[in-house]
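Look at the sequence and the model first, then read on.

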Amino acid sequence: MNRFSTKQAGIISPSDLKTMKGKIAYWSVFAFLLFTCIFTLFPAIWVLLSGFKDSQEIYSGFSLFPRDMSLEHMMTCIVDSWKTLELGRSMINTVIMSMGSLCLTLIVCGIGGYVLSKMKPRGTNFVLQLVLWTMMMPGQLRTVPLYISWLSFPFVANFPFEVSLINTYWPIWLSSAANAFEVLLFKHYFDSIPMSYVEAAKLDGCGNLSIFFRIMMPLSKPIVIYVSIMSLTYAWSNFFIPYLVLQDKELQITPVRIYLLGQSSEIKMNVRFMGIIFASVVPFLIFAFFQKHIIGGVSIGGVKG
Amino acid sequence: MSTQPGIEKQRVKVKHKVARRNNIEGWILMLPMVIVLYLMIWRPTVMGAIWSTFRMKGYTPHEFIGLRNYIEVVKDTQFLPTLWNTVMYVFWSLVVGYLPPVILAIMINEMVHFKNGFKIVLYLPQIVPGVAALLMWYYIYYPDSSGLLNFFLAKFGIDPYIWLNDGRFTILYIVISMTWSGFAGTMVLYYAAVQSISSELYEAAIIDGAGMLKRVRYVTIPQLSGVLLLTFVRQIISVFQVVEQPLVMTGGGPNGASTSLGYQLYKYGFVNGRAGHAMALGVIIFFILITLTVLYMRLNKKVEENY
């Protein structure tokens, strides 16, 4: 109850909390939130529990909890499903894919933001306008032409060299690097770093690239972390482009793999549930480590272009 | 004294040289970004518009046919129902999903117990990767007794209901799952806005004798009106592009009841082998969305001017 003293004036103010009515209001809001939390988590918990049931149990549906809750049974469930799903390969693929996306995004968008913020060559304003408009472009018109260009990159026909990007990660890497919003995020953050850092480094004989990597990046840790988290979590839930592009089973990433497994009827129910859990593990770990940055990071993300 | 103009001239020359070097180097460094944006965004957008007027043989443009692709797309008996479905996605997403994020953000901000706990727990659905969440909801809605909802119905002695296969409400059910996976992101956004409302405003309202509901009405809502408006438009734009949900959960069914424009485009482009139609439909969607986006930008400007 002592915590009430820390309460600031709001819709419910400290003076309200001394009255009965205010207390009831406060605790009913609390109860409502608690209920919402349970309600929100419930589907996820159900999936988690169902992963440990055998399929007969799932269909008979007597209880929410699996019959056998021993650690041993759970371990065999996990190991068996892992073996049937063969997710190992796709997990490694997803890591490769997400790391590539991350590096390319940081370098391409970061250097782009640096040039627009600190070097400002001729035509900066024009490029900035274009980048802004790029952010506004609806995406669906692009899907088919993009696919056509990936079939024979970079141009459709009659080009001295052409490479098919189908069954490579390049389409995914390139399209995550083509992120106008992140260019603007970097630009705005770099704007807040005084020009004198750059000038001092130049006097010491630093080139622009080493200024970017040795000075700007370390000084912009919050934004680097924010962009990294965003592109990593995005990579783990990226579905549409990988689904189109990675047709080779050896290259499949986890989200696509569990979708395709869900369609084959040979896989048992509880194994499918396990698949959903496996696919969520890494994003959850990322969240657990960077929870503060993710929930608090929106004030950075809220910067408007 | 006579050398002064010469030095001045030289200085200007050096300055120009430095500026030119900066220009060249700047452009070289910026080139990867420009190339990537060109190849991944600008070029496909323009090419899509051009190729939409071609007859496509597989994925190669064959001959110019003017607007015939457009006519065929619009004349398709499925076009109007699909457009209507897409509008229904937007409608239901506003009915189901528009208010919860604000309400929850305001409520969490009032708490002094478990404030962070609530934030973290309610954020969890956002972390479940898109497809995993969709599959999860697919099993929750599973039409036989193994689905979670039918499990509860069975507890009350009610026969299993077909959920997603009930064409009248398929879109509503899909929207509920979309809301589950998406509300937290918006909630955190609102939370930042709610937090920045100065407590002095509330104190002033209390001195004026405003009760709790009046404080919501006269302080909280007016302070949030800008964000509320922007989220409204943003939600319309993003839900209008729904593809993955019908693709994973229903395959557009039953009987096309959950096919959206985006999913129809995907089917034209990658299932039925009618790339020309896909691009024509893409152009139509593009114009609808660009209109909404321009509206959004206008509102955004107005909102920013007011604060």
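In chain A, the C-alpha centres of domain 1 and domain 2 lie 33 Å apart. This is a predicted model. Domain 1 of chain A covers residues 2-84, and domain 2 of chain A covers 86-301. Their contact draws on 12 residues of domain 1 of chain A and 10 residues of domain 2 of chain A. On the domain 1 side, helix 1, helix 2 (55-60) and helix 3 (71-85) of chain A each supply at least two residues. Helix 3 of chain A gives the most, with 4 residues. By class, that side of domain 1 of chain A holds 5 nonpolar, 5 polar and 2 charged residues.

Chain B is also divided into two parts: domain 1 (4-51) and domain 2 (70-306). Here the C-alpha centres of domain 1 of chain B and domain 2 of chain B are 41 Å apart.

**Between the chains**

Chain A and chain B each put 81 residues into their contact. On the chain A side, the largest share comes from helix 1 of chain A, with 13 residues. The side of chain A that touches chain B has 54 nonpolar, 22 polar and 5 charged residues.

Where does helix 1 of chain A meet helix 5 of chain B? From helix 1 of chain A come A:Leu33, A:Thr36, A:Cys37, A:Thr40, A:Leu41 and A:Ala44. From helix 5 of chain B come B:Phe118, B:Val121, B:Leu122, B:Leu124 and B:Pro125. The residues of this contact divide into 9 nonpolar, 2 polar and no charged.

| Helix pair | Angle | Axis distance | Handedness |
|---|---|---|---|
| Helix 1 (residues 20-50) of chain A and helix 5 (residues 115-127) of chain B | about 30° | 9 Å apart | left-handed |
| Helix 4 (residues 87-119) of chain A and helix 7 (residues 170-177) of chain A | roughly 35° | within 8 Å | right-handed |

In the pair within chain A, helix 4 of chain A contributes A:Met97, A:Gly100, A:Ser101, A:Leu104, A:Thr105, A:Val108 and A:Cys109. They meet A:Ile172, A:Trp173, A:Ser176 and A:Ala177 of helix 7 of chain A. This contact has 7 nonpolar, 4 polar and no charged residues.

**A loop residue that touches the other chain**

B:His113 sits in the loop between helix 4 (99-110) and helix 5 of chain B. Is B:His113 exposed or partly exposed? B:His113 counts as partly exposed because 14 other C-beta atoms lie within 10 Å. Setting aside neighbours within four places in sequence, B:His113 is in contact with A:Arg3 and A:Phe30.

Strand 1 (residues 54-57) of chain B pairs with strand 2 (residues 60-64) of chain B. The pairing is antiparallel, over 4 bridges. B:Arg55 has B:Glu63 as its bridge partner in strand 2 of chain B. B:Met56 stands opposite B:Pro61 in strand 2 of chain B.

In a regular strand, side chains alternate between the two faces of the sheet. Strand 1 of chain B has a covered face with B:Phe54 and B:Met56. Its uncovered face has B:Arg55 and B:Lys57.

Why does strand 2 of chain B lie largely in the open? Of the 5 residues of strand 2 of chain B, the number buried is 0, so the strand lies largely in the open. Buried here would need 20 or more other C-beta atoms within 10 Å.

B:Arg20 is found in helix 1 (residues 4-51) of chain B. B:Arg20 counts as exposed because it has 12 C-beta neighbours inside 10 Å; the cut-off for exposed is 12 or fewer. B:Arg20 and B:Tyr191 are 171 residues apart in sequence. In space, the two are 47 Å apart, C-alpha to C-alpha.

Methods: Residues numbered from 1 in each chain as written. Chains lettered and ligands numbered in written order. Predicted model: local features only at pLDDT ≥ 70, side-chain atom pairs only at ≥ 80, totals over all residues. Axes fitted to C-alpha atoms, helices over the stretch in contact; angles between N-to-C directions. Left-handed = near helix turned anticlockwise from the far one by under 90°. Contact = placed C-beta atoms within 7 Å. Nonpolar A, V, L, I, M, F, W, Y, C, P; charged D, E, K, R; others polar. Domains from an automatic or database assignment. Pairing = 2+ DSSP bridges.
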